[in-house]
Amino acid sequence: MLSLLRGSLSILGFLALWEIAARSGLVPTDYFPAPLLVGETLVAEIGRGEIVSAFVATFLRALIGATAASLLAIAMALLAARYAIVRRAFDPIAEFLRPLPPAALVPLAIFFLGLGWKLYGFILVFACFWPVYLNAAQALAATPRVQVETARSFGYGDWAILAHVRLPAALPTIFIGVRMAASIGLIAAIAAEMIAGRDGLGFYLMDAGLSLRVPETFAGLVAAMVAGLLINALVMVLRALTIGWHVQLTRMEAGA
Amino acid sequence: MRRLNVPAIVLGLLLLGAWELAARAGQNSFFPPFSTVLAALWANGGVIAAQIVDTLRRAAIGLAIAVAVMVPFGALIGRVRFLGDIFEPLVNMLRPIPPPAVAPIALLFAGTGDAGKIAMIVYTCAFPILIGAIDGVRANHPMLTNVGRSLRLSRLEIMAFIDLPAAMPIIMTGIRLAVAAALLVSVIAEMLLTTNGIGVYLLRSQENFRIADGLAGVVAIAVVGFLVNDLFLRLDRRLLAWHYATTGGAEGQG
């Protein structure tokens, strides 16, 4: 509670300094509009509705893309954990494709997939898949031997051990990957929108920036920030719902 | 030394073979076979290499600036509570802004030249490095500082010879995340603020319907990205050999 208060104080202080700097003419307001003006513009833009539909389009793209990629990646990691040969065959390919910037695929992917949902589906799944897969594969391989052997002595088969022992044990690490995937999803969605240039926050930002509507650009930036906060919060809620036991356990160990 | 990974080679060849056959069967000029892409890579090798050098140069400069500024800054925020109280909420506020979203503002301030792109790269790299540095110095065992004190090291000496090396493993993880991000944003920045670089090469290939040439560029980026990440992984292992020797070679994944 206290840290929340201190945090908002620090942010308010920063905004106040910025407002003063803008009003006194220390920074060029043409390029660096005062926060109050940005706030007014944001409210006006929300009234006009364009920024809202852009926000919704971008957010849904990121959310659906990251979700689909996470499920695919976890399925692939389970296969890799069950069959060593899958992991051995797939991991080098993963290492090779992972550093490929998703944005680099956009111009050529437009030819195959058009400008619609297929393009965003492909780019987002490609971008979000790797962090989840790599974290999941690594965590599934690192289950403590004792746990696996215990389950085996209770007569669990390989698949049952995977589902009831190794997957739950790996979930905390998998969520690290999912959290990365969520923020990467938003980055990829905005970058793709900027390059494909038709709708979404990426297009809104580029359009406002290139036509020198500076307060609108900053309003778009605030919207992008809210999207980032929101998608991260969603992951954290999901994490608390699925692995609340782990969160409580680590807090108890750390706090006691 | 290293065993040949037969399953990976087989899977890789199968995928490339499927691509080749599907493209040859389809006869679609938008979907060239792999062999055509390889030929395009060979034919355009010089151009692609020159563009990638531009891309890598900006990524390296941006990364270097981010490391030089953010490691000391993070150490300071992490160590001095008063500064942490002021700056950490701001860091947490700015962190969720997706890097490409700052492109229009980088454009306003710094134009479409190197400065605008490098500014975007610095912004992107700043957060993982800064957070690595903050967490790194906070995770230090207090005993280490006490040892430094009993050796009569000054505050500055403790920071330089004890805090920084002890925080290095976590800082390096942040830097490795930043390396991948730098390359990514360098390409995005080129596509948005077009002048030169591999991102522009890809856009031009698209505009002129030279699909095979474009795919050759994508293959080249994949290879370079892989090599750069591998280089930093090796660097990490070499610099932090002492750390992995005690922890049993932990494998961090970015």
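On a 1 Å grid over the protein atoms alone, I take a cavity to be a set of points where a 1.4 Å probe fits but cannot get out. Grid points are joined across faces, edges and corners, and a volume is the space filled by probe spheres set on the points.

The model is predicted, so local features need pLDDT of at least 70 and side-chain atom pairs pLDDT 80 or more, while totals for chains, interfaces and linings use all residues. Residues are numbered from 1 along each chain as its sequence is written, chains are lettered from A and ligands numbered from 1 in the order written, and side-chain values use heavy atoms, without hydrogens and water.

**Entry 1: cavities**

I counted two cavities of 30 Å³ or more. The largest cavity holds about 60 Å³ of space. I looked up its lining (residues with an atom within 4 Å of a point) and found Ile52(B), Thr55(B), Leu56(B), Leu183(B), Val187(B), Ile198(B), Ile221(B) and Val224(B). In chain B, H3, helix H8 (155-192) and H10 each supply at least two of the lining residues; helices are DSSP runs of H or I, at least four residues, numbered from the N terminus. H3(B) gives the largest share, three residues. By class I noted seven nonpolar, one polar and no charged residues; Ala, Val, Leu, Ile, Met, Phe, Trp, Tyr, Cys and Pro count as nonpolar, Asp, Glu, Lys and Arg as charged, and the others, Gly among them, as polar.

**Entry 2: H3(B) against H10(B)**

I next examined how H3 (residues 45-79) and H10 (residues 211-239) of chain B pack: the angle is about 40° and the axes are 11 Å apart. Axes are lines fitted to C-alpha atoms over the stretch in contact, with angles from 0 to 180 degrees between N-to-C directions. In the contact (heavy atoms within 4.5 Å), H3(B) contributes Ile48(B), Ile52(B), Leu56(B) and Leu63(B), and residues of H10(B) include Gly217(B), Ile221(B) and Phe232(B). I recorded ten nonpolar, one polar and no charged residues there.

**Entry 3: a pocket**

A pocket is an open set of points with protein on both sides within 12 Å along at least five of seven lines. The second largest pocket has a volume of about 1200 Å³. Of its 30 lining residues, Leu97(A), Leu100(A), Phe126(A), Leu16(B) and Trp19(B) are the closest to its centre. I found the largest share of the lining, seven residues, in H1(B). The lining has 29 nonpolar, one polar and no charged residues.
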